[in-house]
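This briefing goes through the model by topic. The sequence and the structure come first, followed by the notes.

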Amino acid sequence: MTASSTSAQSVDRLAPWAFAAFVEANTHDTAYRPPVVDGPVGPTIVRNGRELVNFASISFLDLDRHVPARRHFAEAAIAHGLSTSGSRMTQGICRPHQVLEETIARHTGKERAISFATGLLANIGFVHAMSSSAYFDTGIEVRNRDTVFVVDRDVHWSIWKGLEGLGYGRNVHAFRHNDVADLAAILGRIQSRKTVVIAESIYSADGTMGPIVEILDECDRHGAVSMIDDANGFMVYGAENRPYAREAVAIRERADFVMVSLSKAIGLEGGAIAGPAAAIDAFELLSGTSMFTAAIQPPTAYLADRTIDVLADHPEIVDDYLAHAARLRRQMHAIGTMTTPTESYMLSVPIGADAAALQMREWFVEDGYLVPVFSYPAVSRNQALLRLFPHAGHTEAQMDGFLRTLLIYRRRLGL
Ligand SMILES: Cc1ncc(COP(=O)(O)O)c(C=O)c1O
């Protein structure tokens, strides 16, 4: 049988899934045929052979300037190997993971931390661990299928994925985005000894900073366990001179659990859940996503630990970056471009019509800028936004060029 006849048969068999029609109907062609990137991604990116000023990079600190990352990585690859080559349960945990987990626990102010290959797996594992049942021959059991989760409606996909199948309206409730009164009303209605509230520090779609102190107050009032997804805030907020200091202190001192991602400020890949020792120990077995899949690669775990130390010892790296992001926000406001009304480093620019936002994205690429657009289905229909990550390595000329270009498009589209 030839390759083309196999493929024709596959197309017939897959018809009920409607994949072809789905792809055709979607205007995000790049989501299905992603452009190919050459070389390292930073303030600029080379996509399909073309260099663009990059506002899409979620690792935004230009750490190459401060940490000899590739050398550390190479040294760790030689010392610890490239893979854990087995699970923590069967073989044990590699030294770099053990050190990294201690470092994350220390920086989040929690007793212990457990690492996962990604932040997404940490979130799914957390929800699974808090809502699963298991029985041991010795008669010891956990029965937690009755856990009730109350989550901000806009939490990350990974939390919603973990919650899937738990019974919306019974074991899962969502409060309106950043709406503490709605959270309080739901907590007031729930009759459960085991309630877990999940919120984010910085929401990745709209860039808003969650009202964490008030959320933790409600958790205290109703005896609920709190979990803050700090993927976007880890190692960025916390110091008193920075925005969001009060919230960052509350996450450290009052949240029961914190999730961190290593793919944002740390510029690598991996994630962790930090919290009380007994719970984190139980998560080794109960999360599933720690035991049944691969871990962070050892050199990455090693480098993550080094990078966290560098950021802690050199606060000016993040201070300078936050000042840089704040300057861009001010400049946008000065040309009449509104952004989400919080002081986070992520800048979301409401555009509205999906077609206008997608048109802008194309024009930006033609003019040499990569500017991510969130449109339906990532956000509600015709509530499209530009979601920018300023990069610490962007030059003045790149920022000015971007602002001028944005203004031209807004005028052209009458926005
Ligand atoms: C709020 C939030 N949670 C979780 C994740 C997933 O983290 P990771 O990229 O480490 O899988 C992200 C990343 O987009 C995020 O923004």
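**Backbone, ligand site and cysteines**

M235 counts as buried, because its relative accessibility is 14% and the cut-off for buried is under 20%. The model is a predicted one.

Positive phi

- M235 is not a glycine, yet its phi is positive, at about 70°.
- The loop that holds M235 runs between β10 (225-229) and α10 (245-254).
- S85, also a residue other than glycine, has a positive phi near 50°.
- S85 sits in the loop between α4 (69-80) and α5 (95-108).
- Is S85 buried or exposed? S85 is exposed, because its relative accessibility is 58% and exposed means over 50%.

Shell around the ligand

- The ligand has 15 residues around it, and those that come nearest are G119, L120, D229, S261 and K264.
- Sorted by class, the shell consists of 9 polar, 3 nonpolar and 3 charged residues.
- Two elements, α6 (119-130) and β11 (257-261), each supply at least two residues of this shell.
- Which element gives the most to the shell? The answer is α6, with 3 residues.

Polar contacts and burial of the ligand

- In the side chain of H156, an N or O atom is 3.5 Å from an oxygen atom of the ligand.
- For S204, the distance from a side-chain N or O atom to an oxygen atom of the ligand is 3.2 Å.
- S261, one of the residues that come nearest to the ligand, has a side-chain N or O atom 2.8 Å from a ligand oxygen atom.
- The protein buries 85% of the 390 Å² that the ligand exposes when taken alone.

Cysteines

- How many disulfides does the structure hold? The count is 0.
- A disulfide is a covalent bond that joins the sulfur atoms of two cysteines.
- C219 has a relative accessible area of 2%, so this residue is buried.

Terms used: Residues are numbered from 1 along each chain as its sequence is written. This is a predicted model: local features need pLDDT of at least 70, side-chain atom pairs count only at pLDDT 80 or more; totals for chains, interfaces and linings use all residues. Side-chain values use heavy atoms; hydrogens and water are left out. A residue is near a molecule or strand if one of its heavy atoms lies within 4 Å of it. A polar contact is a pair of N or O atoms within 3.5 Å; within protein, one must be able to donate a hydrogen and the other to accept it, and residues adjacent in sequence count only if both atoms are side-chain atoms. Accessible areas come from the Shrake-Rupley method with a 1.4 Å probe; for residues, only the protein chains shown count as cover. Helices (H or I, at least four residues) and strands (E, at least two) are DSSP runs, numbered from the N terminus. Ala, Val, Leu, Ile, Met, Phe, Trp, Tyr, Cys and Pro count as nonpolar, Asp, Glu, Lys and Arg as charged, and the others, Gly among them, as polar. Buried means under 20% relative accessible area, exposed over 50%, partly exposed in between (1.4 Å probe, protein chains only). A disulfide is a pair of cysteine sulfur atoms within 2.5 Å.
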